[in-house]
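Trainee: Please take me through the charged pairs of this structure and the strand that goes with them. I would like one connected account, with the cut-offs stated.

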Amino acid sequence: RTPTPEYVPSTDISVTKAATAQVRLPRGGGTAAITYNLVVVNNGPDAAADVKVADTAPAGVSFGSATTSAGTCATTAQTLDCTIASLAPGASVAITIKATVNSTGTKVNVVVVTTSTPETNSGNNKASAQTLVLAPLTPPRVPAKVEEICRTLAANPKMLKATGKAQKISIRVTQGSKGVSGVKVKLTGPGISKVVTTGKDGKVKVTIKPSQPGI
């Protein structure tokens with residue numbers, strides 16, 4: 001009588017991975033958040049023992065925390081290691097990794113799953129996902145305000161009589177439509193040399209005694 005061969009269990013575990021598709025770094029420096037979602041599945045026919053999940057962070061990415069629906073996970077800034085003691089046929093485990101990134105470019109993250117149970121298919125034990133990290137937005141440049149620098153001086157009356165008597169002149173200096181205070185105005189002519197400063201609204205009044213024409 002031929003003895004019945006000892007049954008050797010076998011399994012087929014697979015892993016899939018998804019990541020935040022695109023992030024943008026903040027202005028002024030700092031990091032952006034990335035979330036990785038892993039799903040480990042036992043496709044059977046038997047239970048998978050001592051299932052290991054290993055993930056290494058790509059350059060510029062740092063792992064923060066990890067949560068799992070079964071088993072235990074340990075993380076460092078660069079690595080994730082999870083252990084599932086036994087995964088029944090048809091069962092799945094979801095693992096979520098919270099991470100940050102501090103440099104631009106396409107960040108490709110790869111996860112690998114293994115089991116001590118013999119596998120019928122090892123071609124689905126690895127999965128990858130990528131995140132495009134964009135540079136901070138550059139704020140639009142606001143055109144510099146063009147300041148009108150041309151100033152206009154107006155005097156009233158426009159003509160004085162050379163009588164030698166005191167006469168008042170009203171002077172106003174404007175820039176655009178606004179009066180400009182603090183502007184020095186010099187009056188010169190035969191026997192006249194005077195400097196006055198405009199006050200509020202760009203106005204100033206001055207008294208002179210023109211004795212000859214030509215102010």
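Mentor: Relative accessible area under 20% is called buried, over 50% exposed, and anything in between partly exposed (1.4 Å probe, protein chains only). The model is predicted, so local features need pLDDT of at least 70 and side-chain atom pairs count only at pLDDT 80 or more, while totals for chains, interfaces and linings use all residues. Residues are numbered from 1 along each chain as its sequence is written, and side-chain values use heavy atoms, with hydrogens and water left out.

Searching the whole structure gives 2 salt bridges (a side-chain nitrogen of Lys or Arg within 4 Å of a carboxyl oxygen of Asp or Glu). In one of them, Asp55 pairs with Lys17 at 2.5 Å, N to O. Asp55 belongs to strand S4 (residues 48–56) and Lys17 to strand S1, so this pair links parts 38 residues apart in sequence (strands are DSSP runs of E, at least two residues, numbered from the N terminus). Asp55 and Lys17 are both buried.

Asp50 and Lys52 form a salt bridge at 3.5 Å, N to O. Here Asp50 is partly exposed at 33% relative accessible area, and Lys52 is partly exposed at 34%.

Back in strand S1 (residues 13–19) sits Ser14, which counts as buried because its relative accessibility is 13%. Leaving aside residues up to four places away in sequence, Ser14 touches Val39, Val40, Val41, Asn43, Val113 and Asn124 (contact means heavy atoms within 4.5 Å). With Asn43, the side chain of Ser14 also makes a polar contact of 3.3 Å (N or O atoms within 3.5 Å, one able to donate a hydrogen and the other to accept it; residues adjacent in sequence count only if both atoms are side-chain atoms).

Note on methods:
Helix = DSSP H or I, 4+ residues; strand = E, 2+ residues; numbered from the N terminus.
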